[in-house]
Amino acid sequence: MARDLDGAIAELAPKALGLLTKRQLDELGMSRQQRRTLVAKGVLIPVGGGVMRHAACPPSWEQSVLAAVLAAGQGAVASHMSAAALWRFDGIPRSAIEVTVPRDRRPRAAPGRVHRSLDLGPADVEPRRRIPRTTAVRTILDIAGQLSERQLEAVLDGAERDGAIWRPQLRWRIGEFRSAGRPGLPAVVALLDRTDGRPLGDSWLEQEAIRLIVDAKLPVPRAQVKLRRRAGSSVKTIARVDLFWDVAKLVAELAGHGTHATRRERQAGAERAARLGLAGWQVIEFTYEDVVERPRYVVDTIRAYVDLAG
């Protein structure tokens with residue numbers, strides 16, 4: 001094998017998660033016999049559909065998704081649950097391998113599930129990533145029919161929190177797809193209507209707490225609020241808090257996994273709570289386990305403090 005060919009392969013493979021297509025190898029000038037030799041030596045490992053993995057690059061879920069996209073050919077993108085996991089939507093695991101191709105394409109060797117679409121246009125494709133995928137908006141519309149109401153709410157909240165979607169754009173795309181009778185669209189519309197104006201937390205845990213509060217018909221708090229107090233002629237920020245009820249002067253802090261784990265962090269948290277208390281704000285703290293495993297306790301505690309203030 002020519003040294004320059006070895007170098008070209010080594011340089012090209014990492015740019016695509018260790019994957020190379022037969023077409024790329026042909027363009028490098030590799031003969032069929034040379035390719036067979038590298039396969040026999042274990043340097044190139046076939047993964048299907050004319051796609052090979054360089055042995056120096058370990059396999060991964062992302063690599064499997066990109067292999068399916070490459071095997072599906074021109075115009076293919078990761079979609080549905082694969083795209084949802086790539087966007088890191090809340091609650092969506094990295095499991096399914098799904099791609100979408102234009103309706104006139106019929107790839108046979110692509111691993112995973114292949115969807116054929118009549119309406120996969122430029123507005124629905126995000127190509128500026130290492131793995132081409134459907135946009136976050138299109139992905140939500142594609143998977144909405146497969147999710148429960150609670151799962152869809154978590155996905156929508158997380159995507160909006162992360163800046164992956166914009167509600168007006170999502171509503172506009174829903175309008176574009178209504179005539180196609182796409183399953184799940186009514187659920188998305190109902191969810192948008194129900195959650196319009198609801199505050200967005202800074203994490204999944206905060207958003208889950210907000211969902212509990214809204215479902216329990218408690219007063220809706222503000223999220224990620226900077227609490228200030230006047231010191232002489234100036235105004236000083238005391239703390240930025242997770243959830244805040246103005247009328248009750250109540251602060252709820254949410255401690256996720258690993259939060260306040262060290263002595264210094266616990267000390268800082270206690271000092272912060274003391275400053276808030278001196279400023280007249282009541283502080284309650286809930287852990288991840290409280291929100292996930294004891295939601296009734298969270299709701300009842302907040303209700304008791306709100307009622308006490310009223």
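## Aromatic pairs and cores

Tyr-288 counts as partly exposed because its relative accessibility is 26%; buried means under 20% relative accessible area, exposed over 50%, and partly exposed in between (1.4 Å probe, protein chains only). The model is predicted, so local features need pLDDT of at least 70 and side-chain atom pairs count only at pLDDT 80 or more, while totals for chains, interfaces and linings use all residues. Residues are numbered from 1 along each chain as its sequence is written, and side-chain values use heavy atoms, with hydrogens and water left out.

Rings of Phe, Tyr and Trp (its six-membered ring) pair if their centres lie within 6.5 Å; planes under 30 degrees apart count as stacked, over 60 as edge-to-face and the rest as tilted. Two of them are tabulated here.

| Pair | Centre to centre | Angle between planes | Class |
|---|---|---|---|
| Trp-204 and Tyr-288 | 6.1 Å | 40° | tilted |
| Phe-286 and Tyr-297 | 5.9 Å | 85° | edge-to-face |

Trp-204 lies in helix α10 (residues 204-215) and Tyr-288 in helix α12 (residues 288-293), 84 residues apart. Helices (H or I, at least four residues) and strands (E, at least two) are DSSP runs, numbered from the N terminus. Trp-204 is partly exposed, at 28% relative accessibility. In the other pair, Phe-286 is buried at 2%, whereas Tyr-297 is partly exposed at 34%.

Tyr-297 also has the charged end of Arg-294 over its ring, 4.1 Å from the centre. For this, NZ of Lys or CZ of Arg must be within 6 Å of the ring centre and within 35 degrees of the ring normal. Likewise, the charged end of Arg-133 sits over the ring of Trp-87, 5.3 Å from its centre.

Arg-133 is also among the contacts of Asp-124, which include Asp-119, Arg-138 and Arg-173, with neighbours within four places in sequence left aside; contact means heavy atoms within 4.5 Å. Asp-124 is in the loop between β6 (113-117) and β7 (125-126) and is buried, at 2% relative accessibility.

A nonpolar core is a set of buried Ala, Val, Leu, Ile, Met, Phe, Trp, Tyr and Cys residues joined through side-chain atoms within 4.5 Å. The largest has 46 residues, and Phe-89, Ile-92, Ile-140, Ile-165, Leu-170 and Ile-174 touch the most other members. Its largest share, eight residues, comes from α4. A second, separate core of 21 residues includes Leu-205, Ala-209, Ile-213 and Ile-284.
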